[in-house]
Amino acid sequence: MISRILESIFFRKATGKAGRYARNSSRLFELVRDVIGKLQTIGFKGNLAEFQSSVQLLLRMVKAYASGEYRQLPWKSLVSIVAVLIYFVSPIDLIPDFLPVIGITDDVALVVWLIKTLGDDIAKFADWEKASKTINIG
């Protein structure tokens, strides 16, 4: 399924937009807001709670990059994340979102693929995030 998504016109369009979004912090923040809105609208529960956590991690990465707090994210990784998030918020993609349950299957598959593909970059970000949230008392 993932190869069909990656080769689809819908994902190619998202990838085409991703570079322009990644160069513009305000567009990145708008994208984050749109993704949060979709997550709230759909309300992922049960087995999909892990999916929501993965998307929230990607959102934190994008926000940290857009704000200038975290710039260690490779450009290619940032563009991949942004492309997946653009695809996610698009109502018309390989499997249209208005189809109950099955409509988000492609979105879930794409996010799972991205998390596996960017494992090292995600681990580095998670370490940075943990260290930046730690208060040094001594």
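This report describes the helices, the surface and the salt bridges of a predicted model.

## Basis of the model

Residues are numbered from 1 along each chain as its sequence is written. The model is predicted, so local features need pLDDT of at least 70 and side-chain atom pairs count only at pLDDT 80 or more, while totals for chains, interfaces and linings use all residues; side-chain values use heavy atoms, with hydrogens and water left out.

## Overall build

The protein chain contains 7 helices and 0 strands, where helices (H or I, at least four residues) and strands (E, at least two) are DSSP runs numbered from the N terminus. Along the sequence the pattern reads α-α-α-α-α-α-α.

Of the 138 residues in the protein chain, 41% are buried. Buried means under 20% relative accessible area, exposed means over 50%, and partly exposed lies in between (1.4 Å probe, protein chains only). The accessible surface of the chain is about 8,000 Å², and carbon and sulfur atoms account for 57% of that surface; areas come from the Shrake-Rupley method with a 1.4 Å probe, and for residues only the protein chains shown count as cover.

Contact means heavy atoms within 4.5 Å. Among contacts between residues at least 6 apart in sequence, 70% join residues at least 24 apart.

## Salt bridges

Side chains of opposite charge can pair when their charged atoms come close. The whole structure holds 3 salt bridges, a salt bridge being a side-chain nitrogen of Lys or Arg within 4 Å of a carboxyl oxygen of Asp or Glu.

One of them joins Arg33 and Asp34, with the closest N and O atoms 3.5 Å apart. Arg33 is exposed, at 55% relative accessible area, and Asp34 is partly exposed, at 37%.

Another pairs Asp107 with Lys38, with 3.7 Å between the closest N and O atoms. Asp107 lies in helix α6 (residues 105-117) and Lys38 in helix α3 (residues 25-42), so this pair ties together parts 69 residues apart in sequence. Asp107 is buried, at 1% relative accessibility, and Lys38 is buried as well, at 12%.

## Glu129 and Arg60

Glu129 sits in helix α7 (residues 119-133). The side chains of Glu129 and Arg60 form a salt bridge of 2.6 Å, N to O. Arg60 belongs to helix α4 (residues 49-67), so the pair links parts that are 69 residues apart in sequence.

Glu129 is buried, with 13% relative accessible area, whereas Arg60 is partly exposed, at 35%. Leaving aside neighbours within four places in sequence, Glu129 is in contact with Leu57 and Arg60.
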